Protein chains: 2
Amino acid sequence: MTIKIGILGYGNLGRGVEAAIKQNDDMILTGVYTRRDPSTLKIATEGVAVRSQAELEAGRDDIDVLIICGGSATDLPVMTPKFAAKYNVIDSFDTHANIPAHFAAVDAAAKASGKVGIISAGWDPGMFSLNRVYADAILPNGQAYTFWGKGVSQGHSDAIRRIDGVLDARQYTIPVEAALDAVRSGSNPELTTRQKHTRECFVVAADGADKAAIEKAIVTMPNYFADYDTTVHFITMEEMKRNHSGLPHGGSVIHSGTTSDGVHQVIEYKLTLESNPEFTGSVLVACARAAYRMNTEGTSGAKTLLDIAPAYLSARSADELRAHYL
Amino acid sequence: MTIKIGILGYGNLGRGVEAAIKQNDDMILTGVYTRRDPSTLKIATEGVAVRSQAELEAGRDDIDVLIICGGSATDLPVMTPKFAAKYNVIDSFDTHANIPAHFAAVDAAAKASGKVGIISAGWDPGMFSLNRVYADAILPNGQAYTFWGKGVSQGHSDAIRRIDGVLDARQYTIPVEAALDAVRSGSNPELTTRQKHTRECFVVAADGADKAAIEKAIVTMPNYFADYDTTVHFITMEEMKRNHSGLPHGGSVIHSGTTSDGVHQVIEYKLTLESNPEFTGSVLVACARAAYRMNTEGTSGAKTLLDIAPAYLSARSADELRAHYL
């Protein structure tokens, strides 16, 4: 049984999904869908068609699961419910505060169509969420800490690029080692925003730009930088391309608790990712397998990774998992 | 809704389960069952009866889930199927090679009775298994490494105690830092047994015992020590009691893979446990919640953590999990 996958949206994440499909023998990419002119898009998989998003409207029989690679701000709140009316769908919706509303919208559409919609897949939300829930269930008398980085925050990089005189920028979020060590020790410290992470910015300024003004605009920027210790480095465009073209990321969920008086237990889940979009794409693809299987069994509605028995994500049989992975 | 829990077997693990129940407001311990004379057992929870195992035979209505805290060698293969005929049951069966047969026996009994039996819960098998499966599903082009320790191996400690002239012994399994670092680097090294772990033994010898002979018997013992670099320390009984009375353990599952050519991704799950039995007991208790809920929904048969949607393990509602943990 081969699962037929469609990708909607071909940015970094769409390409990450495409790479992941190639690593899974039980799946095949049957089409990439775009809001752009399809003729302008060159994809990495030979022999696969690029089509207009409009061609999804009627409902296609060459798609078992549609993986929607859009942005959380404006794309996914519209797209995921819309296409859940016709397909099993997967998204990586990551605006944490709006997850309940998004879940409700996708749930209504997917229940009406009899399809499965898995939302908020990826690593945070996604694998980090799973680890927060497992750890809290096992050690209810405990506390979880999430650290991000070292990695590129695209939102913060974009915020710097909007400053006058900035040609390009890359922002790295870096966890503070002393804070990680304190949490790993089991001492359950109270940590401020500033104590948990620092921010390091690499900026290409335009010729003649006021670098001091740019630096001040960055480090005082509310929400993005003001609450952090931020360092700014001005570099050339060549250095930017040579040293900062990747999208590494990762981080840790550390849950520390006690099971009886003074008996400490620490659970840590850590990701070290050379490519954030390729890893996220790999999680979406595993979720596509789960959505397909669950739907084949008659399940419908919105789901998150918290609702999926782990075996559904694996290409291996239940017997093989019990014999060799348990 | 309060879930009524019975514990069968009151050794280290049974006491760990008892401690965990106290931390979960949605559960209550309604009885401890033992093969010993109940009058000889003093338990930590006031007001809870200790009864003979025989009193489980008829089927009791004050038990929603029976957590079976027996040994994997001879107890659980008999007990878990037997009591799955009357109760939802949980065990920590950890003889990896025999899991398929144990699963089949429990599955048959639980399907016949309409109950749920969750086997092989704990951390390995258990949380480590989950992490092996999640990581393999996400990064199929990768390899998993499991490291144990630093922690006390009770089987290895017992093996030393059986040597002539040994009064007491404690064996620590210790992962080799260089091996951990090589795996974390993403280089996917080939590692021999000797390269992954060392073994450190603390031994109390009888007066006049031949310590050189004891040391030789340890380091050359097949299966247990011969394939490892093992160090032996002779200590006094007072030192043993003062410094080695705990049962710490833990370890790491590290899965390293690539998502496209040369792009490395590393997933690490790490446990640092001051009490192995209390942590294992906490996992069993979370599984008891899941078994109860799944059975209430009409599910029956044998399950492992791989078959359980994570939300079933948590005392929190699906809405709360989505709003605050996703």
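This is a predicted model: local features need pLDDT of at least 70, side-chain atom pairs count only at pLDDT 80 or more; totals for chains, interfaces and linings use all residues.
The phi angle of B:Asn188 is near 45°, a positive value in a residue other than glycine. Most residues other than glycine have a negative phi. B:Asn188 has a relative accessible area of 28%, and because this value falls between 20% and 50%, B:Asn188 counts as partly exposed.

B:Asn223 is not a glycine, yet its phi is positive, at about 65°. The loop that holds B:Asn223 lies between helix 8 (211-219) and strand 11 (229-234) of chain B. The relative accessible area of B:Asn223 is 70%; this is over 50%, so B:Asn223 is classed as exposed.

Most peptide bonds are trans. A cis peptide bond, however, links A:Asp124 to A:Pro125, with omega at about 5°. A:Pro125 belongs to the loop between strand 6 (116-118) and helix 4 (127-138) of chain A. Another cis peptide bond is found between A:Gly149 and A:Lys150, where omega is about 5°. Here A:Lys150 is part of the loop that connects strand 7 (142-148) with strand 8 (151-152) of chain A.

Strand 8 leads on to a sheet. In chain A, four strands make up an open sheet with mixed pairing, arranged in the order 8-9-10-11. Its edges are strand 8 and strand 11 (229-234) of chain A, each of which pairs on one side only. Strand 8 and strand 9 (residues 166-175) of chain A are joined by two bridges and pair in the antiparallel sense. Across from A:Gly151 stands A:Thr173, in strand 9 of chain A. Helix 8 (residues 211-219) of chain A packs on the sheet and touches strand 9, strand 10 (197-205) and strand 11 of chain A. The direction of this helix makes about 150° with that of strand 11 of chain A.

Finally, A:Thr34 belongs to strand 2 (residues 27-34) of chain A. A:Thr34 is buried because its relative accessible area, 3%, is under 20%. Beyond its neighbours within four places in sequence, A:Thr34 has contacts that include A:Leu8, A:Leu41 and A:Val50. A:Arg51, A:Ser52 and A:Gln53 are also among the residues in contact with A:Thr34.

Technical notes: Residues are numbered from 1 along each chain as its sequence is written. Chains are lettered from A and ligands numbered from 1 in the order in which they are written. Side-chain values use heavy atoms; hydrogens and water are left out. Buried means under 20% relative accessible area, exposed over 50%, partly exposed in between (1.4 Å probe, protein chains only). Contact means heavy atoms within 4.5 Å. Two strands pair if DSSP finds at least two bridges between them. Axes are lines fitted to C-alpha atoms, for helices over the stretch in contact, and angles run from 0 to 180 degrees between N-to-C directions.
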